[in-house]
Amino acid sequence: MTMNDLDALESQSVYILREAFNRLDKIAMLWSIGKDSNVMLWLARKAFFGHVPFPVVHVDTHHKIPEMIEFRDRVAKEWSLPLIIGENAAALAAGVGPHQGRVECCTALKTDGLKQVLAAHGFTGVIAGIRRDEEGTRAKERVFSPRTEEAGWDFKDQPPEFWDQFKTDFAPGTHLRIHPLLAWTEIDVWRYIQRESIPVVDIYFAKNGRRYRSLGCAPCTGSVASTASTVAEIIEELETTRVSERSGRAQDQESEDAFERLRAGGYM
Amino acid sequence: MSTTASPMKIVVVGHVDHGKSTLVGRVLHETGALPEGKVEYVKDVCDKRGMPFEWAFVMDALQAERDQGITIDTAQIRFRTEARPYVIIDAPGHKEFLKNMISGAASAEAAVLVIDAHEGVQEQSRRHGYLLHLLGLRQIAVAVNKMDLVDFGEARFEEVKAEIVAYLNSIGVQPTHVIPVAARGGANIATNAAETPWYTGPSVLGALDGFAPSKPANDLALRLPVQDVYKFDERRIIAGRIESGRLKVGDTLVFAPTGKSARIASIESWGGDRVAAVAAGAGQSVGITLDEQIFVERGQIASLAEDGPSLSHTLKARLFWLGREALKVGNRYKLKLATAEHVVEVTAIERVIDVEDLANHQGAEVGRNAVAEVLFRAKTPIAYDSFIANPRLGRFVLVENYDIVGGGVIAEVEGERLDHKSANITVVHHKVDAEGRALANGHRGGVVWLTGLSGAGKSTISMEVERQLFLKGWQVTVLDGDNVRHGLCSDLGFSPEDRAENIRRVGETAHLFAEAGMLVITAFISPYRSDRDRVRGIRPDAFHEVHVATTLEECERRDPKGLYRKARGGGIVEFTGITAPYEPPLVPELSLPTDGRSVDESVAELLRYIERTFALSTREQAVGWGL
């Protein structure tokens, strides 16, 4: 009965998911198709004994790497997921893309695409698989993180959060982001994938000396040099690397505060 | 080093600008935890702004913070020493951001308090130290930073050290180390610095590696707050996280406050082909089914029948207040304790504590960022433990409108811990509290429970200890086995059941005396461990088990009442040590081996223990604080 670190992380995430399901009216889980959101989906099935009792939302920018879409459709079918696919139709019709500026493209196709699907279904809370160790601004997140109606994030005035007592009371119109994986690290995620045999898109595994470490849209997501072609090899690689996980994500590097501006506007 | 240890959570606190972020940035650098390019990036930013290299920028990842020059929120960053992995929480020192510091510090296992060698101990140094203590943190190392600004002078270091140690001691904290540090240059961060040859203690990393990891609460009584009840399929699953203790299939759970009970039929799980669990322990999020469909809902707390939580309509708590509006007598708040929610009204503000000088003030209200002792009354009975007995069920937050506006830890209250059978009884509070009694008597109340074989010397020792304490002016009495059997327990025999009831009555009586402020010494064979543990459970912090560990051979040799001879001759059925078992304590507070020792020696040893444990120090009596 002694718990190791993965048991402790799993138990904490399950607790958070159950809190979200109990305390909030209408919630959905964001599924980016990346490794983290696959783990999150797996944890939901653990928390609810094989069921996923809320919709799973994927925001399609139509710029995603093709393997990701193929994986999404296959797994959604196998796991009988209540999948909702959202998109910013107007922006797509207007031909928005990274050529107009990466931050602008992300804001239109991801953030606004998300806002539209949330509004269309009346969701008051979304569960997202961000982690504190990914990036400085995410390190400051709360597990239950309120957003204004416009999805704005006021990182200077966040609610207190301690002793696992989360903010679950809100003024009408408040939206909530719930972050069950906040305490996990990249290597925890891979070790858990290994332990539980959770499926992931195979572009995470190295081919011809390169692999993807973080997945996003094809134009803005670069691969990293790597020979890790199995989960075990990825874990071994991460134990020694000092290259940051999002180094392949071009939108973060536009300026000193690009990612912070993205997040303040509602980006995950 | 195994990668399966959970990282130790460390919080770094201190007054604004005393160098917390710098210290953390330097620790990350020294342990090789910074991503490639981060140092170069920060150097670049600093160059662009025409300022010297700033370690704090590593932590202060946000643009806004770099502009303001202060940390806004708690960030969590990881590093690893040879000993183990760490998560370091960088907490802000700016007064306005106390809630963020609490958010960080509440989850920490140990803390580093940073103090500027030049400025010395400041308001937030004390406030943060006090709050760490209030949150239950006991492992605190002090880094006296910016030693380079005082030329690494030993005299100045000793001055600052004396000041902070005196303060921490006054609130009951013994810092593990006080380290002279220059975080900017790295002195005494990872290795001992040449600039401080007079300092012989560990570096900051050495001090961190010396902290003890927190233990899971498996050994406390079972507490399973109900989080939700699911009916996704034919199963009705009760979901929750075990906050303390253990459970197994077949255990009978009692749900507070209803007092309804049922047995665990199964522990449910999902995920592959692993064998179904039959037991679970503290920290695990579980789902269970019951053998009977009793009414269970979120907020109830499941426990094992013999050791349930306290149940009361009133609570006494020490709280920290974060609300914009002051807390006032008569105000109502939502109180969240584990998964339960109660509406409570503030019935009294007993004192407002100035964390600067620890002075008590009478106050009609508690302002933002203040600490106070407050009484609440709830409409519904609250199931809880005192923070000392079980931190996870002994703490709560308060909600006003939509916001968490404070947190508190529950004090022990006389007469708490109701039997479930009497769940409809509301505890009546005394107007005279334990602190008042202790101050009047000069010592705390408590139960010193002597256990051992017949003839071990329990009565002899306790009567002499009583006499000597009485001469010193103590409020003291002895409950003796033979004596209570003439009155309180004259209807009981010596079967295991009767022995258990005998001990239960004596235990309750002893604790009543203790609550009245007396030092109670009991002299009972009390052979069964479970009986003694039940007495301990009445008020664990007041109970001190003393094993009078005389061997059977020696007892039989002494045989003061001729009972062993009688038992050997078959004249007594169920005689402890001969025909009935004696279960010695596994971890007694004190063990008194008497073989080959005089009565006086044993008496002196027990007296030393009692005085050390129960007497109020001069300072405690003076300040009337810290009971």
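This is a predicted model: local features need pLDDT of at least 70, side-chain atom pairs count only at pLDDT 80 or more; totals for chains, interfaces and linings use all residues.
A residue is termed buried when its relative accessible area is under 20%, exposed when it is over 50%, and partly exposed in between (1.4 Å probe, protein chains only). Residues are numbered from 1 along each chain as its sequence is written, chains are lettered from A in the order in which they are written, and side-chain values use heavy atoms, without hydrogens and water.

Chain B comprises 627 residues, of which 54% count as buried. Its secondary structure consists of 17 helices and 28 strands, taken as DSSP runs numbered from the N terminus (helices: H or I, at least four residues; strands: E, at least two). Contacts are defined by heavy atoms within 4.5 Å. Among the contacts in chain B with a separation of 6 or more, 72% are between residues 24 or more positions apart.

Domain bounds were taken from an automatic or database domain assignment. For chain B, the assignment gives domain 1 (8-209), domain 2 (217-304), domain 3 (310-422) and domain 4 (434-618). A distance of 38 Å separates the C-alpha centres of domain 2 and domain 4 of chain B. In chain A, domain 1 is made up of two segments (5-185 + 255-264), and domain 2 covers 200-253. The C-alpha centres of these domains of chain A are 21 Å apart.

Helix 1 of chain B spans residues 20-30 and is mostly covered, with nine of its 11 residues buried. The buried residues of this helix are B:Lys20, B:Ser21, B:Thr22, B:Leu23, B:Val24, B:Gly25, B:Arg26, B:Val27 and B:Leu28. Just after helix 1, B:Gly32 adopts a positive phi of about 65°.

Over all chains, the structure holds 53 salt bridges, a salt bridge being a side-chain nitrogen of Lys or Arg within 4 Å of a carboxyl oxygen of Asp or Glu. Side chains of opposite charge can pair when their charged atoms come close. One such pair is B:Arg504 and B:Glu501, with the closest N and O atoms 3.1 Å apart. These residues are three apart in helix 12 (residues 496-515) of chain B and are therefore separated by about one helical turn. B:Arg504 is partly exposed at 41% relative accessible area, and B:Glu501 is partly exposed at 24%.

In a further pair, B:Asp541 and B:Arg539 form a salt bridge with the closest N and O atoms 3.8 Å apart. B:Asp541 is partly exposed, at 35% relative accessible area, whereas B:Arg539 counts as buried at 14%.

B:Arg558 and B:Glu554 also meet through their side chains in a salt bridge, at 3.0 Å from N to O. Both lie in helix 14 (residues 552-558) of chain B, four residues apart, and so about one helical turn separates them. B:Arg558 is partly exposed, with a relative accessible area of 30%, while B:Glu554 is buried at 14%. In chain A, salt bridges that share partners join A:Asp7, A:Glu10, A:Lys46, A:Arg195 and A:Glu196 into one network.
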